[in-house]
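Open the model in your viewer and follow along, one selection at a time. Each stop names what to select and then what is there.

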Amino acid sequence: MFDTSKSILQKLDAAIFNKHQVEVFVKRDDLIHSVVSGNKWRKLKYSIAQAIHQKCDGIFTFGGAFSNHLVATAAACQNAGIKSIGFVRGNELSSESNDTLKRCAEYGMQLVFISREEYALRNDKVYVDELKNEYPLYYCVPEGGSNYFGVIGCQEIWTEIDTQFEAVFVAQGTTTTSCGLLAGLPPSTKLHVVPVLKGFESIETMKSTLRWVLMDESFVDQLVDNVLVHSDFHFGGYGKVTSELVEFIQMCSKHFNLPLDPVYTSKAFFALYQNIISGKLNGQKILFLHTGGLQGAVSYEKKLGVQFYV
Ligand SMILES: Cc1ncc(COP(=O)(O)O)c(C=O)c1O
């Protein structure tokens with residue numbers, strides 16, 4: 001449905017990279033589609049196939065007010081000719097509250113606004129079973145597309161990469177994308193994850209995500225030995241944006257022609273950049289996965305009164 005061949009490998013040039021003898025490539029998954037971009041198509045692809053296979057009317061899923069996942073699900077379902085329902089955190093919101101929710105509604109998603117207390121139950125089996133009973137013709141996809149199919153879809157990125165890298169950097173939320181990368185990680189490559197949530201338990205969460213897919217405890221332990229966690233790049237926490245981060249996004253746009261979003265990819269790329277400057281990656285060939293998120297950047301530009309891209 002969406003063409004992943006648009007996701008090119010972009011080589012970045014900078015004097016600082018030459019100084020540290022690093023080669024930096026970006027896998028531009030943000031170019032897959034303007035809305036179903038980055039990791040979104042990879043995470044949703046097999047859930048949508050499954051919904052169609054099970055002859056469901058559509059998909060129901062969960063997300064916050066600015067959720068990239070929610071709007072991507074709405075657009076991908078419309079494209080696939082099936083319906084979508086989004087359970088949104090915050091019963092004070094409406095489809096007019098922001099651009100993300102407006103676009104969800106435009107793509108035909110039925111929005112159901114629920115209280116924060118109810119939203120907190122989104123992964124609770126009893127609560128989800130109740131929703132499944134209420135919407136028997138809808139296939140349930142967890143928040144962030146975080147299920148078995150999401151991991152498998154992200155693992156497929158490797159089929160599009162034929163270069164050997166010493167390091168791969170990726171932003172981390174639910175861990176679905178990083179676990180997909182880890183499941184297919186070539187030998188002698190290290191996976192560097194950058195959680196955007198403050199105090200996030202990266203390794204423990206990755207282990208529990210990988211257990212659904214691999215069902216082999218010792219193999220999971222062996223895999224996570226190849227993960228390095230960079231937990232100091234959340235800039236104050238999820239969705240928090242500082243002036244230093246804004247300047248970094250503007251610099252990347254200007255010097256590398258690389259648009260980064262303020263919630264995920266800019267923080268992960270900042271971590272990569274700092275690690276290069278501090279000499280920790282000297283001599284390495286590095287891959288950065290651009291996981292998209294650009295649709296949400298417009299709301300941040302409006303909120304902060306800045307322009308990210310030049
Ligand atoms: C743009 C973007 N990058 C990275 C992530 C993190 O991916 P994951 O939740 O699979 O760890 C997300 C969240 O889904 C996202 O929207």
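Domain bounds used here come from an automatic or database domain assignment. This is a predicted model, in which local features need pLDDT of at least 70 and side-chain atom pairs count only at pLDDT 80 or more, while totals for chains, interfaces and linings use all residues. Residues are numbered from 1 along each chain as its sequence is written.

**Stop 1: the two domains**

Colour 4–34 + 148–304 as domain 1 and 39–145 as domain 2. Their centres, taken over C-alpha atoms, are separated by 25 Å.

Now look at where they touch. Two residues are in contact if their C-beta atoms, placed from the backbone, lie within 7 Å. On that basis, 21 residues of domain 1 are in contact with 17 residues of domain 2. Which helix gives the largest share of the side of domain 1 that touches domain 2? Select helix 7: five residues come from there. Helices and strands are DSSP runs, numbered from the N terminus: H or I with at least four residues for helices, E with at least two for strands. Helix 7 (148–155), helix 8 and helix 13 (297–304) each supply at least two residues of this side. By class, the side has six nonpolar, 13 polar and two charged residues. Here Ala, Val, Leu, Ile, Met, Phe, Trp, Tyr, Cys and Pro count as nonpolar, Asp, Glu, Lys and Arg as charged, and the others, Gly among them, as polar.

**Stop 2**

Select the strands in the order 1-2-10-7-8-9: they form an open sheet with mixed pairing. Strand 1 (9–12) and strand 9 (227–229) stand at the edges with a single partner strand each, so one side of each has no neighbour in the sheet. Two strands pair if DSSP finds at least two bridges between them.

Zoom in on strand 2 (residues 23–28). Strand 2 runs parallel to strand 10 (residues 285–290), over six bridges. Glu 23 stands opposite Lys 285. Arg 28 stands opposite His 290. On the other pairing, strand 1 and strand 2 run antiparallel, joined by four bridges. There, Leu 12 faces Val 24 as its opposite residue.

Helix 12 lies across strand 7, strand 8 and strand 10, at about 145° to strand 7. Axes are lines fitted to C-alpha atoms, for helices over the stretch in contact, and angles run from 0 to 180 degrees between N-to-C directions.

**Stop 3**

Strand 4 (residues 83–89) and strand 5 share six bridges. Find Phe 87: its bridge partner in strand 5 is Val 112.

**Stop 2: the ligand**

How many residues surround the ligand? There are 19, and the closest are Gly 173, Thr 174, Tyr 264, Thr 291 and Gly 293. A residue counts as near if its C-beta atom, placed from the backbone, lies within 6 Å of the molecule. Domain 1 and domain 2 each give at least three residues to the shell. Helix 8 (176–183) is among the elements that supply at least two, and its three residues are the largest share. By class, the shell has two nonpolar, 16 polar and one charged residues.
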